[in-house]
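Here is a friendly tour of a model with its sequence alongside. Have both at hand as you read.

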Amino acid sequence: MVNIMRIEIRFAGFGGQGIIKSGIITAAAACLYSQKNAVQTQSYGPESRGGACKSEVVISEEEIDFPKVVEPDVLVVMSQHAYNEYVERVKQGGTIIMDPNMIPHEKELQNVNVFHVPATKIAEEMQRKIVANIVMLGAFVAITGILDKDAVKESIKANIPKGTEELNLHAFEKGFEYAKNLLKS
Amino acid sequence: MSKKGVLLTGAHFMNGDIACAEGAIVAGCRFFAGYPITPATEIAEHLSERMPEIGRIYIQMEDEIASIAAVIGASYAGLKAMTATSGPGFSLMQENIGLAIMTETPCVIVDIMRGGPSTGQPTMPGQQDVMQARWGSHGDYEIIALAPSSVQEMFDLTIDAFNLAETYRVPTLLLADEIVAHMWEKIVIPTAEKIRIVNRKKPNVSPEEYLPFMPDDLVPPMACFGEGYRFHATGLTHDEHGYPKTSSSEVQERLVKRLCEKIRRNEDKIMRVEEVMLDDADVVVVAYGIVARAALSAVRKAREMGIKAGLLRLITLWPFPQNHVAKIAGSAKRIIVPEMNCGQLVREVERAAKETSVVFLSKLGEEPHTPMEILEAIRRNS
């Protein structure tokens, strides 16, 4: 069977939130630090800040022919616009991880598992709103279990500006712990 | 002194643009001139750091016309040279691409195709420059264009593009789309002994005996300015000395036909395709670039359903692999051509397929054809 192991993940928000970076870190974690196949593709507008933005990752044990996401297993979403655009395209039984403070208007959804992770607020409490995407990534790793935590931490270190390792790994742990508590409750 | 070195052997996770830049470095590119444009900017950005650190030249020019002009000059001075652009910049380069063809200048031009015409959709993919790549400059000529489908091929085919440019003294195009250029994927950079590098043929006569445009097996050996060989290069029709001969029908016929023949007679050595499950295929998808990845997925799904489908993936777009298409047209019932344009390479496929019917699938905008869309076309036509 082809594609039996194929997992599709979509990160979405607006330009400047680190959406594309989240996808690259995730795909690199799968590919270089977990010995799986992975590919990241992206879509953004000509405006580098504020425009709609998505970053897609396909992870598979097998060779990946088509690299784009068709029907995501997981949607990680950080803006109202992206939520409206993509929330109804998640696979039946799939997972939605959303930042509720960025998405005031939520829809009634069936057959999906929805997790609220206030990543932007958590990042603001750390005095560094810029790491909200990494908080979200920590939550994503805890909730989905698709990737090994240490592999993602290695990938974060390899894909962020030098000197920000401590800040980013701290943000990752914050998101991871928040989601662990969510899962317990 | 080199900080990171020339050849980064090993596994990496990078995007297509960066892989292209690293491929150029490995191929021996010593000079890059360009003007940043989405979605090719990362090539320039990456080379602006890498070229100086390994003692090579990176110049950001004032525009794309100047960029290709600088590349031609650098190549004539003996350096392997490259530029990278997208649709609007590629349009500006067309006149000087003709000069590179006429002066038989080895060089590599990367065109990352975005949505056109005009400035179109800068961040979206397209396959709309395929005919411009072939016919964009005026006059008769042959050109080489390669179409990568993966980040690995962005690296590999950039090296091939330099090798072909050096072998045939012709501008060679890497014609990629925005998705392949911006996609992040694992690539493996091989060890030096596994990489084939070709350098231009040099004259084996003294400067006094050298005729710069006297072909040796259709391609003239190339001395470089500054090596003691005095010669003249011009966009005007020229004789074997390189001097203009604007009134001689015979010289025009001899020169222009040779510019075409040096590619046409070597088509078999230049053309590359990937054939997937073609032996017993009733329906064959002919595709290239990112669309070929959707087509491969569709063909595999069709086979699971018991449909005899196959894929002919074109790696060389120009010269067009017409013999490969003619061969499948002899055994398949239908050919399906999905492209991210309004119908470009499909016309070449129709020409080569003769009596076999060809179905065209157009797609424009953000997303390529999905595997399901191509699978549906395979089912309808099986």
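B:Pro39 sits in the loop that links β2 (29–34) to α2 (41–53) of chain B; helices (H or I, at least four residues) and strands (E, at least two) are DSSP runs, numbered from the N terminus. The peptide bond leading from B:Thr38 to B:Pro39 is cis, with omega near 5°. A cis peptide bond also joins B:Trp318 and B:Pro319, where omega is about -5°. B:Pro319 belongs to the loop between β13 (316–318) and α11 (322–331) of chain B.

A word on the ground rules: this is a predicted model, in which local features need pLDDT of at least 70 and side-chain atom pairs count only at pLDDT 80 or more, while totals for chains, interfaces and linings use all residues. Residues are numbered from 1 along each chain as its sequence is written, and chains are lettered from A and ligands numbered from 1 in the order in which they are written.

## Chain B as a whole

Chain B has 13 helices and 15 strands. Its radius of gyration (over C-alpha atoms) is 21 Å, close to the 21 Å that the globule rule gives for 382 residues, so chain B is as compact as a globular protein of that length. That rule is 2.2 Å times the number of residues to the power 0.38. Along the principal axes, the C-alpha atoms of chain B fill a box of roughly 70 × 50 × 40 Å.

Of the 382 residues of chain B, 52% count as buried. A residue is buried if 20 or more other C-beta atoms lie within 10 Å of its own, exposed if 12 or fewer, and partly exposed in between, with C-beta atoms placed from the backbone. Among contacts in chain B with a separation of 6 or more, 74% are between residues 24 or more positions apart; two residues are in contact if their C-beta atoms, placed from the backbone, lie within 7 Å.

## A sheet built from both chains

Which strands make up the open sheet, and in what order? Eight strands line up as β6(A)-β5(A)-β4(A)-β1(A)-β3(A)-β2(A)-β9(B)-β1(B), with mixed pairing; two strands pair if DSSP finds at least two bridges between them. The edges are β6 (113–116) of chain A and β1 (10–15) of chain B, each pairing on one side only.

β1(B) pairs with β9 (residues 184–189) of chain B in the antiparallel sense over six bridges, and B:Met14 has B:Glu185 in β9(B) as its bridge partner. Helix α6 (residues 151–168) of chain B lies across β1 and β9 of chain B, at about 45° to β9(B); axes are lines fitted to C-alpha atoms, for helices over the stretch in contact, and angles run from 0 to 180 degrees between N-to-C directions.

## Where the chains meet

β2(A) and β9(B) pair in the antiparallel sense over two bridges, and A:Gln40 stands opposite B:Trp184 in β9(B). In total, 19 residues of chain A are in contact with 21 residues of chain B. On the side of chain A that touches chain B, the largest share, six residues, comes from β2(A).

Most residues other than glycine have a negative phi, and most peptide bonds are trans. A:Gln127, not a glycine, has a positive phi of about 65°. A:Gln127 counts as exposed because it has 8 C-beta neighbours inside 10 Å. B:Lys354, also not a glycine, has a positive phi of about 55° and lies in the loop between α12 (345–353) and β15 (357–362) of chain B.
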